[in-house]
Each structure stands twice: as structure tokens, then as C-alpha cells.
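Open the model in your viewer and keep the selection panel at hand. Two stops follow.

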Amino acid sequence: MIVNADLHIHSHFSGATSPKMNIENISTAAPLKGINIMGTGDCLHSGWIEEIKKCDKIDDGTFELNETRFILSTEVEAAQRVHHLLFFPSFSSVESFKEKIRPYSKNLETDGRPNVSLTGEELATYARDVDAMIGPAHAFTPYTSIYSSYNSLDECYGNLSDYVSFVELGLSADSDFADKIKELHRLTFLTNSDCHSPHPVRLAREFNRFEVKDATFDEIKKAILRTGGRKPVLNVGLPPEEGKYHESACRSCYTHYTLEEATRRRWKCSCGKRIKKGVKDRINEQADFETPHHPSHRPKYVHLIPMAEIITKAIGQRSPFTQTVTKRWTELVTAFCSETRVLLDVDIEYISKITAPAITEAIQAFREKKVIIRPGGGGQYGVIELPSEDEIVTVMLPTDTQTSLYDY
Ligand SMILES: [Zn+2]
Ligand SMILES: [Zn+2]
């Protein structure tokens with residue numbers, strides 16, 4: 001069977017996260033997006049574990065509420081502020097892990113995403129001891145990621161680097177970028193939302209599609225390890241150019257620079273402020289190949305933005321949170337069961353019978369890779385333009401400042 005999974009989110013117990021991120025809201029939001037399996041996020045937090053226990057238990061590592069399956073996941077900030085993503089096979093594995101890391105954490109019971117004073121190697125050792133999976137979260141972001149602090153998996157995970165089986169690409173990178181780096185070829189790429197709000201603009205804005213025998217932890221583990229015929233079959237994510245740190249750019253005036261130019265200027269903009277190194281340049285510095293070399297197991301990567309954002313652009317709304325956008329979004333999701341089906345799977349002819357021509361055309365433009373993207377940088381999001389017969393519709397992203405508080 002084919003399942004869609006978003007394996008990295010945060011609960012209301014994490015900082016800067018919407019109070020709406022409770023298990024009930026997540027479990028009802030996921031099916032509308034077309035997501036079958038969610039990572040619980042924050043599973044080291046006792047309060048969140050109590051909420052997870054409201055779900056039906058499918059097996060030791062799989063839980064269900066409102067037809068959404070959950071597997072136990074968390075993010076941990078370790079040495080050098082590097083973020084790691086972990087998946088656990090059971091509550092008892094979670095408890096054992098907590099006891100091991102407790103002496104190294106001051107906020108284990110107060111923050112959904114705890115900080116621990118452990119190296120990547122030490123953290124991975126404890127993870128292996130309890131049979132948990134571990135890998136770098138949003139590996140290329142300019143702060144709090146493995147490649148912002150280290151030059152290789154070995155530098156971070158030491159003797160345990162062979163135990164790492166996946167890497168999360170993060171919102172500003174895709175397979176083409178990551179597969180320029182040779183040491184990542186053996187790893188499974190995960191694309192997750194890292195969302196802090198259950199709104200359809202945030203939840204599952206990136207997700208993975210796996211081929212498995214059942215929607216359970218064991219099967220997802222096999223798919224990540226690519227054993228027994230289980231495997232990832234698709235990564236879906238935002239166009240990396242849209243990311244606010246995609247290109248190197250000034251953090252004050254947002255002038256973009258090439259890597260050579262920025263280096264020559266010693267990362268100082270003509271306005272006098274600092275130039276922030278972009279994800280693209282960080283990857284190119286790290287690259288073993290000039291063009292991506294995909295290993296044979298690498299699935300296709302599809303670039304999408306949330307449907308509410310597509311609708312917003314197509315009909316010229318200012319924000320994806322307006323009633324008009326919500327109405328259009330709801331009529332499509334009601335007709336075809338889920339957002340994922342509308343964006344990826346349903347015949348465009350059927351879509352055209354339900355919604356406005358401008359929205360149909362916009363969905364088609366994404367499917368055919370005809371959207372035009374002006375890259376982001378320096379903390380400013382990129383701009384996506386839809387091709388249009390008589391005019392180019394341009395909308396800045398993000399379009400809502402209120403919820404961008406919850407944006408990561
Ligand atoms: Zn993180
Ligand atoms: Zn500047």
C-alpha cells in the first residue's frame with residue numbers, strides 16, 4: 001500500500017507553537033491534507049505523551065485517532081545547536097531514552113524540543129541503545145543544522161555515523177541539491193513540514209510517500225531502511241528557491257550575492273550589514289559533484305506549495321487565510337477527499353469541473369513545473385509567479401504575518 005507521511009511536527013508544548021497543536025486537531029487536519037501517518041513530535045514530553053495515550057493503540061509503536069496513524073517522534077537540540085530527528089518503537093523505548101539523557105538536559109520536562117549537552121555521537125549511541133532511529137533534522141538550514149556546524153556526518157556522529165539511515169532535507173533544499181553530496185547518497189531523504197500550526201498551509205507542506213504493507217512504525221522503519229521491498233516512492237516539498245535563506249543575501253537590504261562575490265566582500269554588504277550565507281551556497285561548498293548524482297534508490301521529488309497558497313495566487317487574494325480562499329479550498333477537498341489528491345493525483349479535467357479556471361490553471365502550472373520563482377535570501381522569502389496569458393500574478397510569501405510567528 002501507498003501512504004503519505006509527515007514525520008516532523010511540534011506540539012503545543014514546544015516554543016513558538018500554536019496552542020491549536022493538540023492531538024485532536026492534528027488528527028482531524030491530517031486526513032484533509034491526505035496524510036495517513038504523522039510523527040507525533042515532542043514525544044519526550046510527559047504532557048504530550050499523555051495526549052498521545054488518548055489515541056487507540058495499534059501496536060507498541062503505532063497509535064490512531066480519527067483515522068490518522070501516529071508514530072513516536074521528536075526533535076532534540078544537541079551539541080553545537082544541531083537539531084536531530086528521532087523515531088521510537090514504543091513508549092518504553094522513549095522512557096529508557098529519557099532516563100539516559102535526563103542528566104544532560106535542563107528542559108526535558110518543560111520544552112517539547114529539549115536541549116541536551118551531548119555530542120551527535122553520544123546522542124546516537126543512546127538512540128541505538130533503545131532501538132530508536134536518528135538522523136539530522138533540516139540538514140542545511142543556516143542555524144541549528146548539521147552542515148551549519150560540521151562538514152560531514154562523521155564529524156557530527158563519529159563512530160555512530162553508520163547508524164544514521166536518513167537525513168531530513170528541510171524547506172530550503174531538495175534531492176537535486178542534497179545529491180551533490182556523496183556521503184548522503186546512501187541515506188533516505190525525508191521531507192517533513194516541521195510545522196508549528198495545524199493549518200493546511202503549514203501541516204504537511206512537505207511530506208513523504210512510502211510503499212509499505214501497513215501504516216505502522218515497523219513498516220515506516222523498513223521503508224526508511226529500504227528493506228523487504230518497503231521504500232520511499234516520492235518526496236514532496238516546497239520549491240527550495242522559495243526558502244528565506246536559499247541564496248546568500250544581505251540580512252538588512254536583501255541584496256543577493258554569488259558565493260564568489262560574498263567571499264570577496266568578506267560577507268559584508270555594500271550597505272555595511274552582514275551577508276547571510278544561503279543554503280544553496282552552503283551545499284555548493286560542501287558538494288562533491290557540480291550536478292546532482294542520484295543513486296538508483298532515490299525517488300522523484302515533486303515541488304509543491306500548499307493548495308491554499310496556490311488558490312491565493314490564482315485568484316489574487318492577499319492571504320491564504322481569507323474566507324474566499326478557505327471556501328475554494330474546502331470545495332476541492334470535499335470533492336476529492338484530500339488536498340494531496342487534488343494537487344498530485346486527480347485528473348485535471350475533473351478539477352476544472354469543480355473550481356475556477358484560474359485555480360485549475362495554477363494547479364496545472366505546478367504539475368508542469370511552469371511556475372517562476374525568484375529566490376529568497378537573507379531572511380526574505382522567495383516569490384512565486386504563476387504564468388498567465390496576459391499578466392504575471394505576483395504574490396509575496398508568506399502572505400500572513402500573524403501565523404508566520406508559528407512558521408519555522
Ligand atoms: Zn529544528
Ligand atoms: Zn545590505
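The tour visits a metal site and then a helix.

This is a predicted model: local features need pLDDT of at least 70, side-chain atom pairs count only at pLDDT 80 or more, and totals for chains, interfaces and linings use all residues. Residues are numbered from 1 along each chain as its sequence is written, chains are lettered from A and ligands numbered from 1 in the order in which they are written, and side-chain values use heavy atoms, without hydrogens and water.

**Stop 1: the zinc ion**

Select ligand 1, the zinc ion. Its protein donors are Glu75 (OE), His83 (ND1) and His138 (NE2), at 1.9 to 2.2 Å. Donors are N, O and S atoms within 2.8 Å of the metal (3.2 Å for Na, K and Ca); water is not among the atoms, so the site may look incomplete. Along the chain the spacing reads E-x7-H-x54-H. His83 sits in strand β6 (residues 83-88), while His138 lies in the loop between β7 (133-136) and α5 (146-149), 55 residues apart. Helices (H or I, at least four residues) and strands (E, at least two) are DSSP runs, numbered from the N terminus.

Now color by accessibility. Buried means under 20% relative accessible area, exposed over 50%, partly exposed in between (1.4 Å probe, protein chains only). His83 is buried at 0%, and His138 is buried at 3%.

**Stop 2: helix α12**

Select Val325, Trp329, Leu332, Val333 and Phe336: these residues of α12 are buried. Finally, step to Cys337, which follows α12 and has a positive phi, near 80°.
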